[in-house]
Each structure stands twice: as C-alpha cells, then as structure tokens.
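Morning, everyone. I have one structure to walk you through today. Please bring it up on the screen.

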Amino acid sequence: MFEIDNNELALKQQELDSQGLKEEARKMRTEFLKQIKESGIDHCPCKEACVHHGNCYECVMIHRGHRDHLPLCLWDMVNEKMHGLSRLTEGSLNDYSPRDDCEK
C-alpha cells in the first residue's frame with residue numbers, strides 16, 4: 001500500500017531540495033505525486049460526507065478561508081510537531097497557563 005506520510009520519495013525530495021539539487025528534487029516530487037495518483041487509493045482520512053472529499057486543494061482553501069480548524073489530514077503532523085516542541089519544556093504544555101504579568 002502506498003503511504004503518503006513519511007514517504008521515502010518525499011523525504012528524499014526534501015533532502016535533495018535542501019542540498020540545492022532543485023532539478024533532482026523536482027523529478028522526485030513529480031514521481032511521488034504520480035505514484036499517489038496511480039495508487040488509486042483514497043488517501044483522505046476524513047469520514048465526513050463532504051463534496052470536497054479527496055480534493056486537497058479545495059479542502060485546504062475552505063479551511064484557510066474559515067480558519068476554524070485544520071483539515072483532519074494535517075492533525076497528526078501538527079500534533080507530532082507540537083509534541084516535539086512540548087518536549088523542549090519537558091512536556092509541560094498541558095499544565096501551562098499564562099502568568100498574569102505576561103498577559104496583554
């Protein structure tokens with residue numbers, strides 16, 4: 001089964017891009033997207049009956065427009081990043097509340 005998250009091609013593409021190998025990175029990105037399309041798999045994790053299901057562009061534009069919450073497909077990635085940031089302060093984010101002198 002073709003996986004999007006932490007995909008080997010996407011990770012290699014990012015590495016090539018950071019090394020300044022733009023043309024090689026572009027080819028790798030193109031191949032990654034081609035494999036997603038050819039897989040025929042519904043990669044959208046949202047279970048809502050939505051006319052935008054599977055159409056990432058429309059979904060993201062709508063979520064950006066109303067700015068209420070992120071699309072479900074981004075939650076895991078954002079939670080992973082926030083967990084890493086929270087670990088910088090020994091996971092104390094759950095217990096955090098702003099000090100009175102820090103509030104604006």
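Let's start in the segment before α1, which is where asparagine 6 sits. Helices here are DSSP runs of H or I, at least four residues long, and strands are E runs of at least two, numbered from the N terminus. Asparagine 6 has a phi near 55°, a positive value in a residue other than glycine. Asparagine 6 is also exposed, at 59% relative accessible area. For the terms: buried means under 20% relative accessible area, exposed means over 50%, and partly exposed is in between, with a 1.4 Å probe and protein chains only.

A word on the source. This is a predicted model, where local features need pLDDT of at least 70, side-chain atom pairs count only at pLDDT 80 or more, and totals for chains, interfaces and linings use all residues. Residues are numbered from 1 along each chain as its sequence is written, and side-chain values use heavy atoms, leaving out hydrogens and water.

Now the overall picture. How many helices and strands does the protein have? Four helices and zero strands. Along the sequence, the pattern reads α-α-α-α.

Next, the dimensions. The radius of gyration is 18 Å, while a compact globule of 104 residues would have one near 13 Å. That radius is taken over C-alpha atoms, and the globule rule is 2.2 Å times the number of residues to the power 0.38. Along the principal axes, the C-alpha atoms fill a box of roughly 55 × 40 × 25 Å. Buried residues make up 12% of the 104 residues.

Contacts next. Contact means heavy atoms within 4.5 Å. Take the contacts between residues at least 6 apart in sequence: 35% of them join residues at least 24 apart.

On to helix α1, residues 8-18. Which residues of α1 are buried? Leu9, Gln13 and Leu16. Seen down the axis of α1, these buried residues fall within an arc of 65°, so they line one face of the helix. The arc is that of the directions from the helix axis to the C-beta atoms. As a general point, an α-helix has 3.6 residues a turn, so residues three or four places apart point the same way. The other side of α1 has Glu8, Gln14 and Ser18, which are exposed. And the partner? The buried residues of α1 pack against α2, residues 22-39.

Stay with α2 for a moment. Threonine 30 lies in this helix. Now look across to glutamate 90. Threonine 30 and glutamate 90 are 60 residues apart in sequence, and 39 Å apart in space, C-alpha to C-alpha.

Further along is helix α3, where we find histidine 63. Histidine 63 counts as buried, at 16% relative accessibility. What is histidine 63 in contact with, leaving aside its neighbours within four places in sequence? Asp68, His69, Leu70 and Pro71.

Last stop: the loop between α3, residues 56-66, and α4, residues 72-87. Arginine 67 lies in that loop. Arginine 67 is not a glycine, yet its phi is positive, about 50°. Arginine 67 is exposed, with a relative accessible area of 70%.

That's the tour. Questions, please.
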